[in-house]
Amino acid sequence: MEEQVDSDHQLMMEGGFPLMHSMQIDPKRQRFPCCIVWTPLPVLSWLIPFIGHIGICREDGVVLDFAGPNFVCVDNFAFGAVARYIQINKDKECCYTPHPSHDCQHDDNRREILTWDDALQKSTQEFQHRSYNLLTCNCHSFVANNLNRLGFRTGGWNVVNLAVLIFLKGRWVSKTAFLRSFLPFVIVSGLGLAFGGTTYLSFLALFAFLLVGWFLLGTYCFKNLISL
């Protein structure tokens with residue numbers, strides 16, 4: 001695992017200096033520099049369309065996502081092409097420089113971090129030694145960890161406010177991506193209403209209540225329950 005991370009870091013650096021990368025979004029090549037990215041999940045997104053799988057991208061646009069136990073995918077978004085994204089202005093919205101002249105406070109996560117890619121590499125190394133659990137340590141945990149390490153908007157990110165950010169601020173890659181995300185929900189809901197009526201609506205409401213309630217309680221009431 002460590003050898004893989006080292007080889008990835010070599011792609012980020014050349015001659016000891018960070019490479020200068022274009023910030024241009026390129027959906028055809030799946031390149032989203034300094035972005036948070038989202039794609040729908042099979043089954044779960046068919047029932048609750050705002051639930052999905054997320055990742056974070058390096059400065060060269062390559063997607064990193066926590067996809068399984070001790071495994072961070074590199075340039076292979078686990079559940080399909082990116083559907084939504086938020087591009088971050090790393091110079092204005094992040095605070096990860098160790099230089100004391102910079103007017104921001106530093107915590108342990110941001111010490112000795114010089115660049116955006118340095119922060120992502122440290123989080124990748126950390127999550128390559130973590131177990132994956134949909135309810136307690138998932139892709140949102142990985143991205144929140146990265147954002148806190150980057151000092152994005154002063155930090156404080158967790159799985160709940162990160163999901164809200166994507167839902168409210170995420171930009172659709174294309175109309176096709178929008179349809180791919182919501183059409184299964186429309187079809188499943190139509191079939192559920194046709195064959196189950198109010199029973200289906202009751203099940204859906206209960207499922208959404210339990211799922212959202214779990215993450216709210218785990219994030220704000222039992223703070224050690226959901227990993228970051």
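Predicted model: local features only at pLDDT ≥ 70, side-chain atom pairs only at ≥ 80, totals over all residues.
One of the contacts to look for is Trp-38, whose bridge partner in β7 is Arg-84. On to the next pairing: β3 and β4 also run antiparallel, joined by five bridges, and here Pro-40 has Gly-52 of β4 as its bridge partner.

How many of the six residues of β3 are buried? Six of the six are, so the strand is largely enclosed by the rest of the structure. In a regular strand the side chains alternate between the two faces of the sheet. For β3, Cys-35, Val-37 and Thr-39 are buried on one side, while Ile-36, Trp-38 and Pro-40 are buried on the other, which leaves both faces covered.

## The whole sheet

Stepping back, the open sheet has six strands in the order β6-β5-β4-β3-β7-β8, with antiparallel pairing. Which strands stand at the edges? They are β6 (71–74) and β8 (171–172); each has a single partner strand, so one side of each is left without a neighbour in the sheet.

Asp-65 has Cys-73 in β6 as its bridge partner. The β5 and β6 hairpin has two residues between the strands, and Asn-70 in the turn shows a positive phi of about 60°. Five of the six residues of β5 are buried, so this strand too is largely enclosed by the rest of the structure.

## Helices across the sheet

Helix α5 (residues 139–150) lies across β3 (35–40), β4 (52–57), β5 and β6, and runs at about 30° to β4. Helix α6 (residues 159–169) lies across β3, β4, β7 (84–87) and β8, running at about 100° to β7.

Helix α6 also packs against helix α8 (residues 198–220). Two packed helices are described by the angle between their axes and the distance between the axes. For α6 and α8, the angle is about 130° and the axes are 8 Å apart; the two helices are therefore oblique to each other. The residues that meet are Val-159, Val-160 and Asn-161 from α6, and Phe-215, Leu-216, Thr-219 and Tyr-220 from α8.

## Helix α4

Does the length of this helix agree or disagree with its residue count? Helix α4 (residues 116–127) has twelve residues, which at 1.5 Å a residue should span 16 Å; its end C-alpha atoms are 17 Å apart, which agrees.

This helix is mostly covered, with nine of its twelve residues buried. They are Trp-116, Asp-117, Asp-118, Ala-119, Leu-120, Gln-121, Ser-123, Thr-124 and Phe-127.

Ile-48 is in the loop between α2 (44–47) and β4. Its relative accessibility is 3%, so Ile-48 counts as buried. What is Ile-48 in contact with, leaving aside neighbours within four places in sequence? The answer is Phe-207, Ala-208 and Leu-211. Ile-48 and Phe-207 are 159 residues apart along the chain, yet their C-alpha atoms are separated by 9.1 Å.

## Cysteines

How many disulfides are there? The count is zero. For Cys-35, the nearest cysteine sulfur is that of Cys-57, 5.7 Å away; a disulfide would need the two sulfur atoms within 2.5 Å, so Cys-35 is in no disulfide. Cys-35 has 0% relative accessibility and counts as buried. Cys-137 is buried as well, with a relative accessible area of 5%.

## The chain overall

The protein chain has eight helices and eight strands, and 45% of its 228 residues count as buried. Among contacts between residues at least 6 apart in sequence, 64% join residues at least 24 apart.

Terms used. Residues numbered from 1 in each chain as written. Heavy atoms only, no water. Buried < 20%, exposed > 50% of the residue type's maximum accessible area, 1.4 Å probe, protein only. Helix = DSSP H or I, 4+ residues; strand = E, 2+ residues; numbered from the N terminus. Expected span 1.5 Å × (residues − 1). Pairing = 2+ DSSP bridges. Contact = heavy atoms within 4.5 Å. Axes fitted to C-alpha atoms, helices over the stretch in contact; angles between N-to-C directions. Parallel < 35°, antiparallel > 145°, perpendicular 65-115°, else oblique.
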